[in-house]
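This report goes through the contacts made by aromatic rings, with the sequence and model at hand.

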Number of protein chains: 2
Amino acid sequence: METQKESILYHHFEKFIPISESLKIELFNRIEYQEFKKGELLHQSHKVCTKSYFIQKGLVRSFFLKDGKEITEFFSCENEWVNSPKSFMQRKVDIYDIDAIEDTSVFWLEINDLGYLFDHFPEMERYARLSMGAIMRHLLERITILRFTTAKEKYNHFCEVYKDIYHRIPLGMVASYLGITQETLSRIRK
Amino acid sequence: METQKESILYHHFEKFIPISESLKIELFNRIEYQEFKKGELLHQSHKVCTKSYFIQKGLVRSFFLKDGKEITEFFSCENEWVNSPKSFMQRKVDIYDIDAIEDTSVFWLEINDLGYLFDHFPEMERYARLSMGAIMRHLLERITILRFTTAKEKYNHFCEVYKDIYHRIPLGMVASYLGITQETLSRIRK
DNA sequence: CAAAACTTTTGATTTAAATCAAAAAATTAT
DNA sequence: ATAATTTTTTGATTTAAATCAAAAGTTTTG
């Protein structure tokens with residue numbers, strides 16, 4: 001497993017920052033591998049989220065309950081980190097559950113270990129800043145799309161942005177992600 | 001002006017990180033003060049945004065044109081940074097103009113100077129990570145509100161989040177920010 | 001202070017999408 | 001395989017908000 005960890009994660013980090021030998025060691029020593037079957041929960045809403053998951057293979061969704069229905073907040077796939085953001089950053093309980101849409105394998109890092117890395121490796125702070133920038137740009141685009149497009153345009157945009165995964169996700173989850181009903185999405189799709 | 005710079009900005013940074021004497025000097029030496037009259041542009045969309053503005057006094061909006069109409073993307077007020085995010089982070093032209101809704105005074109920092117600070121003061125990277133976290137949480141909440149609330153609920157939420165500034169902003173700008181028409185917002189408000 | 005320009009309100013009508021209800025299709029479990 | 005469960009599609013109706021149009025109210029400026 002060690003070589004796999006190294007190659008996949010190393011490659012990911014190297015997109016943002018150069019990784020020194022010492023950081024590599026400290027980072028990989030703290031990372032754990034885990035597998036989840038389809039439907040299993042990576043995180044439960046009633047707990048504080050203390051782990052951040054890097055998805056090696058598979059697909060997960062973050063969702064919450066509203067009027068008894070599951071509302072998808074985001075999808076996360078290969079080579080992305082996922083956690084319950086508010087819970088993870090502020091060490092408190094939040095509304096999100098995270099489950100596996102497909103059988104999923106991940107590497108995870110404890111928040112305390114991440115804190116250690118931030119304290120001892122400034123380049124990790126830089127990595128966080130740069131990768132958060134990419135996420136922010138994604139969120140900003142989503143906000144624009146949500147405000148000024150029809151249901152059809154929302155779906156088309158979704159298929160572009162998530163072109164590798166849109167066909168792997170049940171329709172109902174996509175609908176709530178887009179803020180439309182599944183009946184509407186079903187009609188759009190045909 | 002020097003003491004004012006120091007007190008306002010110093011206080012802001014200290015919310016996130018301790019500021020060393022040397023960072024203080026390097027930071028304040030690079031920051032410029034500027035005033036804008038109501039209606040003046042801080043940033044024009046056809047240029048690359050190379051400055052980030054910290055608002056000392058006043059109120060600005062970032063907007064773009066869609067079908068000939070001005071669509072507000074966000075409002076920024078006292079003690080907040082504002083720039084054209086994609087343009088600033090990726091050094092390319094984007095769609096946003098930024099103008100002053102009220103007479104506004106700012107401190108600005110050039111992207112190259114910010115880069116210098118990131119390279120020499122790891123705590124600045126941390127500051128960026130932490131403050132971006134706060135912005136991300138704000139964007140996530142906005143996404144949830146946009147998808148599942150009525151126009152009235154959107155407006156009520158807006159007034160809560162922007163309780164100090166909502167009454168200072170023309171109705172049409174608020175409407176486009178919320179993704180509703182100004183006729184609808186006018187009806188909601190009475 | 002009056003004219004011009006801009007912003008907000010009001011009214012009538014249309015429309016995209018929600019809601020309610022049920023059937024069909026696809027998965028999952030026995 | 002067959003039953004049970006879940007997901008998706010189809011149909012009829014309602015509704016919130018958009019659109020179109022114009023009047024009323026503000027603010028700016030010459």
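Over the face of which ring does B:Lys51 lie?

## Charges over rings

B:Lys51 lies over the face of B:Trp108, at 4.6 Å from the ring centre. The model is a predicted one. In chain A, the ring of A:Phe63 has the charged end of A:Arg61 over it, 3.9 Å from the ring's centre.

## Aromatic pairs

Over all chains, the structure holds 25 aromatic pairs. One of them joins B:Phe16 and B:Tyr127, and this pair is edge-to-face because the planes stand at 80 degrees, over the cut-off of 60; the ring centres are 5.4 Å apart. B:Phe16 belongs to the loop between helix H1 (2-14) and helix H2 (21-30) of chain B, and B:Tyr127 to helix H5 (residues 122-148), so the pair ties together parts 111 residues apart in sequence. B:Phe16 is partly exposed at a relative accessible area of 27%, while B:Tyr127 is buried at 6%.

Another pair is formed by B:Phe75 and B:Tyr177, with ring centres 5.1 Å apart. Their planes meet at 40 degrees, so this pair counts as tilted. B:Phe75 sits in strand E5 (residues 69-77) of chain B and B:Tyr177 in helix H7 (residues 171-178), so parts that are 102 residues apart in sequence are tied together. B:Phe75 is buried, with a relative accessible area of 3%, and B:Tyr177 is buried too, at 4%.

## A cluster in chain A

Four residues of chain A, namely A:Phe75, A:Phe158, A:Tyr162 and A:Tyr177, form one aromatic cluster.

How values were computed. Residues are numbered from 1 along each chain as its sequence is written. Chains are lettered from A and ligands numbered from 1 in the order in which they are written. This is a predicted model: local features need pLDDT of at least 70, side-chain atom pairs count only at pLDDT 80 or more; totals for chains, interfaces and linings use all residues. Side-chain values use heavy atoms; hydrogens and water are left out. Rings of Phe, Tyr and Trp (its six-membered ring) pair if their centres lie within 6.5 Å; planes under 30 degrees apart count as stacked, over 60 as edge-to-face and the rest as tilted. Helices (H or I, at least four residues) and strands (E, at least two) are DSSP runs, numbered from the N terminus. Buried means under 20% relative accessible area, exposed over 50%, partly exposed in between (1.4 Å probe, protein chains only). A charge sits over a ring if NZ of Lys or CZ of Arg is within 6 Å of the ring centre and within 35 degrees of the ring normal.
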